[in-house]
Amino acid sequence: MKNITPLHSWINQSDLKRPVVIAGPCSAETLEQVMDAAVQLKSYGINIFRAGIWKPRTRPNSFEGIGEKGLYWLQEVKEKTGMMTATEIANAKHAELALKAGVDILWIGARTTVNPFAVQEIADVLKNRDLPIMVKNPINPDLNLWIGALERLHNVGIKKLVAIHRGFSTYDKTKYRNEPQWKIAIELKRRIPNLPIICDPSHICGTRKYLSEISQIAMDLNYHGLIIESHPNPKEAWSDAEQQLTPKNLSKMLNELVIRKAEVNNKNLLDTLGELRTMIDLYDNQLLDLVEKRMSVVEQIGRHKKDHNIAVLQNKRWDNILHRITKKGKEKGLSKEFVSTVFKAIHIESINHQRKIMNED
Ligand code: PEP
Ligand code: MN
């Protein structure tokens, strides 16, 4: 995707070293709540205000957004504070109304990115508009769907594009509401190097508790910024009450983030980094060699199972391996989640190798 406009050229932020921060409540609830949040956030140096007007909710009979009138509240935020405003659009009608109301930045939510028809309809409305559009990752971990949505917008002439990593849905409950998949966002960056990426720690975490650790990871991975939910009275929020921070606590969290340099140009530093990276590459090669060796034993077992007509998957054996290995991992300071993810992946690959052997003539 050519000619994507760099984030800092259209965002009003004086300090380029700091991440771009877009903050505001999950939902616009009342004019007073919106103005209160905006004025407080502005006083902490935040220049871009977010608020959901139309809210896609998982179950019906919960608050589905204040609707069109919230757009006038955003206009008031802009007039009174000078902040840029941002809201989510999920269909062509929303896009038309948001354009008419002069919202500065629009975003496409995770539940819309999964739907190419909806994204195309939105793109058709926004055709040739010089408006920044942010695209959240789809709820399922499908990089092409994410890229597809960005392409639909790029194809109609939108150059101020931003990707938002907000985590992915999983069936098994993890400590996060939406599991971050840093590797997918890294691959997105590899495929479209000039595309700015920001992180949405609020929807990844689902709880205030992890916001700072996720924001720090995003900074360590050189994300351009954060979109984060902030409410004057989080506990009373009409949606996503558990994950919002007061403007004051948000500011505290942001000030505690360690922002490292994206590029290094000091020669000594580069030499040291180079050496350490070479070591990493060597260890990675060794890891792969070991996995290859393990796989060849797996294949021998597969032949043995085939000769004696034994099923590929032996649940008990696998339970034992997982138990033993997570215990051992713990002794080495590796988390249970990490060890079980790696070994589950190795196990699936092993089963696939054995099934291939079973199916050979
Ligand atoms: C939101 O930003 O309020 C929202 C609904 O996010 P997502 O699309 O990531 O669920
Ligand atoms: Mn929300």
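1. Lys 136 reaches ligand 1 through its side chain: an N or O atom there is 2.8 Å from an oxygen atom of the ligand. This is a polar contact (a pair of N or O atoms within 3.5 Å). The model is predicted; local features need pLDDT of at least 70, side-chain atom pairs count only at pLDDT 80 or more, and totals for chains, interfaces and linings use all residues. Residues are numbered from 1 along each chain as its sequence is written, chains are lettered from A and ligands numbered from 1 in the order written, and side-chain values use heavy atoms, without hydrogens and water.

2. Arg 50 also uses its side chain, with an N or O atom 2.9 Å from an oxygen atom of ligand 1.

3. The shell around ligand 1 (residues with a heavy atom within 4 Å) includes Cys 26, Trp 107, His 203 and Glu 229. By class, the shell holds three nonpolar, two polar and seven charged residues. Gly counts as polar here, and Cys as nonpolar.

4. The largest nonpolar core has 72 residues. Such a core joins buried residues (under 20% relative accessible area) through side-chain atoms within 4.5 Å. Phe 49, Leu 126 and Trp 146 are among those touching the most other members. Helix 7 (a DSSP run of H or I, at least four residues) spans residues 143–155 and gives the most to this core, six residues.

5. Leu 126 touches residues including Ile 89, Leu 106 and Ile 158 (heavy atoms within 4.5 Å), leaving out residues up to four places away in sequence. Another core, of 15 residues, lies apart from the largest one and includes Ala 86 and Ile 227.

How values were computed
A polar contact is a pair of N or O atoms within 3.5 Å; within protein, one must be able to donate a hydrogen and the other to accept it, and residues adjacent in sequence count only if both atoms are side-chain atoms. Buried means under 20% relative accessible area, exposed over 50%, partly exposed in between (1.4 Å probe, protein chains only). Helices (H or I, at least four residues) and strands (E, at least two) are DSSP runs, numbered from the N terminus.
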